[in-house]
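Here is a short report on the structure shown below. It takes the sheets, then the chain contact, the cores, the helices and a few backbone angles.

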Amino acid sequence: MKKDNKLKLNLQAILTDLLIWIYISGCISFLLNRWFEVVIPSVHIVIYGSVISIIVIMCGISIGRKLFLPTKRTNNKWFKTFWGWSIVLILLITFIVGWIMVEVNPYKFFTKFKNAGGIISGIFDPNLDLLLVSLAALAETIYLALLATIFAIPFAFFLSFFAARNLMPKTLTGNTIYIIIRSFATVFRSIEAIVWAIIFSVWVGIGPFAGMLALMIHSIAALTKLYSEQIESIDPGPVEAIKATGANSLQIWVFGVVPQIISPFLAFTIYRWDINVRMATIVGFVGGGGIGLLLLQQQQLLRWHNVGMIIWLIAIVVWIMDMVSAKVREKLQEM
Amino acid sequence: MKDIIEIKNLNKNYVGGTHALKDINLNIKEGEFCILLGLSGSGKTTLLRCLNRLIEPTSGEIHFDGEDIIVAEGQKLRLIRRKIGMIFQQFNLIKNLSSLTNVLTGKLGYLSLLYSLALSKNKTDVKIALGNLQRVGLKDFAENKIKNLSGGEQQRVAIARALMQNPKVILADEPVASLDPATADSVMRYLGELNKKDKITIICSLHFLSLARKYGTRVVGLKDGEIVFDGTPKEIDKKRFKEIYGEDAEAVEIR
């Protein structure tokens, strides 16, 4: 083993143990605080954790050592070793801290059922007078989801070719473009549509347009990723064959690449529309218009029978969209 | 007969150090049906792909019909490529398009982008394509999608596509390796017919000695990137066969 490599492994082992024991001492002080209202300063937590971890490392019984450094092969079962019990301690303490932090309370769950009586009775007795208003809001949601998808298609289609490993030349420029587009797609996709909706509802004002913009940004990122992965998984054989006929680069794209991706692209797009309708409801809650906004208003007015009506409509539309898009995608696969 | 392909000191080193072709010197005469024999990894595929520059050779010269392939770029390279048809082990057709459209793509080297977008609208080309499908016995399959065809039918569509190029040479990279013996023979029969009737030079890599004897006019044996045999199919006896395929090899006969 090389010397610097050994140093690196040692450092990794020590760091792991430090983190583990500082975490454990942090958890313990959290519990002490909750149960006995003892306040332990954070510097102390770090010091206790570090001291314990150093002792454990010195004794050669730590988890870090087990993970990163070669140890003597012993046939000890895990429950006869110190690191085995350390792991048990970590899991146990994490669970207890989690339980307290989340305020888990089974008693409430079973005894306070009647608090939800209003909304439950609303679902079983929806206010049909609200049907027309809800349908209008629902149409708004469906159309905004549709437009968000349609506007996203050209952007995603264009970008996906540059985000496909097999089409980008293996040069510095090619790699840079590939990495930039891929990272943008990943970052924009990991920001939830709801966050975009908050931004755009400030930007263009509360309403369906803000919702559409939010879903569009999210769809561009998601479709770029899906499209480019589809391009990466095409069969290179036909591309090679078209090249061998003397076709130029554009002809190779049009006849070798595009026919292979067109129906999966359509399938992804329809699936995306389906997702967008579902997301549009949530986006409406934060100012994206449509049925989500109506639901929020009725909920805040505590009109449970109206809420029930809206919930029914959302459920039915999502169910229909889901079925239709599944059927269409099935047909596309046969093409 | 004049040489249609002249290969001089051809070398190919892959990134990673594999020396796939070592100083290959080979002249192919017009009208030959040249069979390349050799183990997998002996360099057959590399050699065939160097001939139309699907793989870039490391060094050496290749002349096709008097023109230097190695230095050709852009338009010039494409003009050379369109005179060299190619068929592949995995057929390499576009599976969700019809046979006819696939055959028509053989014409792409002759068309500008704009014209190629209206590929299936050109009556003359469609007529030629249908004629080529008829030649390989698939006239009634013109509208069928490739993925609904059997392996043998797909390879015949691939032959029709190569014919569309009006090629002087057809390169065949193990064209029958994924087919059953009977279908393999029928595909080879079509290639043999193109060789005899249309005088198309064929260079074909194979694994079956019996097919090499039946259709080949010349056999070139490759081993570790070098030519270890060059002669007529008749000259390959047990001893020669072992020179190409190694001591432990036994010929597998297919009829």
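## The antiparallel sheet of chain B

In this predicted model, strand E1 (residues 3–13) of chain B runs antiparallel to strand E2 (residues 19–29) of chain B, and seven bridges join the two. B:Asp3 stands opposite B:Lys29 in E2(B). E1(B) and E2(B) form a hairpin, with five residues between them. B:Gly16 lies in the turn and has a positive phi of about 110 degrees.

E1(B) also pairs with strand E4 (residues 59–64) of chain B, in the antiparallel sense and over five bridges. Here B:Ile7 has B:Ile62 in E4(B) as its bridge partner.

## The mixed sheet of chain B

Chain B has an open sheet of six strands, in the order E6-E7-E8-E3-E9-E10, with mixed pairing. Its edge strands are strand E6 (84–87) and strand E10 (226–231) of chain B, each of which pairs on one side only. Neighbouring strands of this sheet are turned by 15 degrees against each other on average, direction ignored.

One parallel pair joins strand E3 (residues 33–37) and strand E9 (residues 218–223) of chain B over four bridges. In this pair B:Leu36 stands opposite B:Val220 in E9(B). Helix H6 (residues 151–164) of chain B packs on the sheet. H6 touches E6 and strand E7 (169–172) of chain B, and its direction makes about 170 degrees with that of E6(B).

## Where the chains meet

How many residues of chain B are in contact with chain A? There are 21, and they meet 18 residues of chain A. On the chain B side, the elements giving two or more residues are helix H2 (74–81) and helix H4 (113–117) of chain B. H2(B) supplies the largest share, three residues. By type, this side of chain B divides into nine nonpolar, nine polar and three charged residues.

## Nonpolar cores

In soluble globular proteins, nonpolar side chains tend to be buried together. The largest nonpolar core here has 118 residues. The members that touch the most others are A:Ala214, A:Leu215, B:Ile170, B:Leu171, B:Ile202 and B:Ile203. Helix H10 (residues 208–232) of chain A gives the most to this core, with 14 residues.

B:Ile203 shows the packing in detail. Leaving aside neighbours within four places in sequence, B:Ile203 is in contact with B:Ile28, B:Cys34, B:Leu36, B:Leu48, B:Val169 and B:Leu171. A second, separate core has twelve residues, including A:Ala137, A:Leu295, A:Trp304 and A:Val307.

Helix H4 (residues 82–101) of chain A has 20 residues. At 1.5 Å a residue, H4(A) should span 28 Å; its end C-alpha atoms are 28 Å apart, so the two values agree. A:Glu103 follows H4(A) and has a positive phi, near 55 degrees.

Is helix H1 (residues 44–51) of chain B largely enclosed or open? Seven of its eight residues are buried, so H1(B) is largely enclosed by the rest of the structure. The buried residues are B:Lys44, B:Thr45, B:Thr46, B:Leu47, B:Leu48, B:Cys50 and B:Leu51. B:Arg53 follows H1(B), with a positive phi near 60 degrees.

Most residues other than glycine have a negative phi. B:Asp23 is found in strand E2 of chain B, and its phi is positive, near 50 degrees. Why does B:Asp23 count as partly exposed? It has 14 C-beta neighbours inside 10 Å, whereas a buried residue needs 20 or more and an exposed one has 12 or fewer.

B:Asp224 lies in the loop between E9 and E10 of chain B. Its phi is also positive, about 50 degrees, although B:Asp224 is not a glycine. With 14 other C-beta atoms within 10 Å, B:Asp224 is partly exposed.

Note on methods: Residues are numbered from 1 along each chain as its sequence is written. Chains are lettered from A and ligands numbered from 1 in the order in which they are written. This is a predicted model: local features need pLDDT of at least 70, side-chain atom pairs count only at pLDDT 80 or more; totals for chains, interfaces and linings use all residues. Two strands pair if DSSP finds at least two bridges between them. Axes are lines fitted to C-alpha atoms, for helices over the stretch in contact, and angles run from 0 to 180 degrees between N-to-C directions. Two residues are in contact if their C-beta atoms, placed from the backbone, lie within 7 Å. Ala, Val, Leu, Ile, Met, Phe, Trp, Tyr, Cys and Pro count as nonpolar, Asp, Glu, Lys and Arg as charged, and the others, Gly among them, as polar. A nonpolar core is a set of buried Ala, Val, Leu, Ile, Met, Phe, Trp, Tyr and Cys residues joined through C-beta atoms within 7 Å. The expected span of a helix is 1.5 Å times one less than its number of residues.
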